[in-house]
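Please consult the sequence and the structure shown below while reading.

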Amino acid sequence: MDDQRVWAFEESLWTATPEHYQESIDENYLLVVPTHPHVLSGQDAIEAVKNTPRWTNVAFSEQKVSRPQDGLIVVAYKVDAGRNGAAPYTAFCSSVYRRIEHDNWKVVQHQQTPQLTSGS
């Protein structure tokens with residue numbers, strides 16, 4: 001997966017439907033977020049996302065992509081996200097994808113650390 005497709009895929013995880021999210025994550029998925037219960041896996045992560053309003057706009061910066069071995073992609077970035085009626089959200093994130101088969105990638109890990117201060 002080239003970098004442009006990586007970032008389009010990552011953005012879709014923020015903005016697309018809960019069904020797309022469920023189709024995009026691995027059954028052994030791990031999720032770490034700044035809200036309770038903080039650490040989720042598999043079906044618990046899917047359920048949490050189903051009950052969360054989707055972001056209507058996201059902007060990535062400080063983007064990094066690593067390919068430590070064939071079939072494995074790690075991304076790290078800063079996100080500024082917004083949605084109607086919600087305060088803007090800024091976080092530092094990482095995701096890990098693994099290739100299931102040719103051109104079929106699943107997310108196995110995602111983590112978000114909110115920006116703590118405006119200068120951080």
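Is D26 buried or exposed? At 6% relative accessibility, D26 counts as buried, a term that means under 20% relative accessible area, with exposed meaning over 50% and partly exposed lying in between (1.4 Å probe, protein chains only).

The model is predicted, so that local features need pLDDT of at least 70 and side-chain atom pairs count only at pLDDT 80 or more, whereas totals for chains, interfaces and linings use all residues. Residues are numbered from 1 along each chain as its sequence is written, and side-chain values use heavy atoms, with hydrogens and water left out.

**Salt bridges**

The whole structure contains four salt bridges, each defined as a side-chain nitrogen of Lys or Arg within 4 Å of a carboxyl oxygen of Asp or Glu. The table presents pairs from among them.

| Pair | N to O distance |
|---|---|
| D103 and R5 | 2.5 Å |
| D26 and R98 | 2.8 Å |
| R99 and D70 | 2.9 Å |

The side chains of D103 and R5 form a salt bridge. Because D103 lies in the loop between β5 (89–101) and β6 while R5 belongs to helix α1, this pair ties together parts that are 98 residues apart in sequence. The helices (H or I, at least four residues) and strands (E, at least two) are DSSP runs, numbered from the N terminus. R5 is partly exposed, at 35% relative accessibility.

A salt bridge also connects the side chains of D26 and R98. D26 is in strand β1 and R98 in strand β5, so the pair ties together parts that are 72 residues apart in sequence. Whereas D26 is buried, R98 counts as partly exposed, at 35% relative accessibility.

R99 and D70 likewise meet through their side chains in a salt bridge. This pair links distant parts of the chain, with R99 in strand β5 and D70 in the loop between β3 (57–69) and β4 (72–82), 29 residues apart. R99 is partly exposed, with a relative accessible area of 31%, and D70 is exposed, with 67%.

**Backbone geometry**

H36 and P37 are joined by a cis peptide bond, with omega of about 10 degrees. P37 is placed in the loop between β1 and β2 (39–41).

E62 is not a glycine, yet its phi is positive, at about 50 degrees. E62 is part of strand β3 and counts as exposed, at 53% relative accessibility. D103, also not a glycine, has a positive phi of about 65 degrees; D103 is partly exposed, at 47% relative accessibility.

**The largest pocket**

The largest pocket holds about 460 Å³ of space. On a 1 Å grid over the protein atoms alone, a pocket is an open set of points where a 1.4 Å probe fits, with protein on both sides within 12 Å along at least five of seven lines, and lining residues have an atom within 4 Å of a point. The lining of the largest pocket comprises 22 residues, of which V33, V49, T52, W55 and Q112 are the closest to its centre.

At least two lining residues come from each of α1 (3–15), β1 (25–32), α3 (42–50) and β6 (104–114). The largest share, three residues, is supplied by α1. By type, the lining has 14 nonpolar, five polar and three charged residues; Ala, Val, Leu, Ile, Met, Phe, Trp, Tyr, Cys and Pro count as nonpolar, Asp, Glu, Lys and Arg as charged, and the others, Gly among them, as polar.

Terms used: Points joined across faces, edges and corners; volume = space filled by probe spheres on them.
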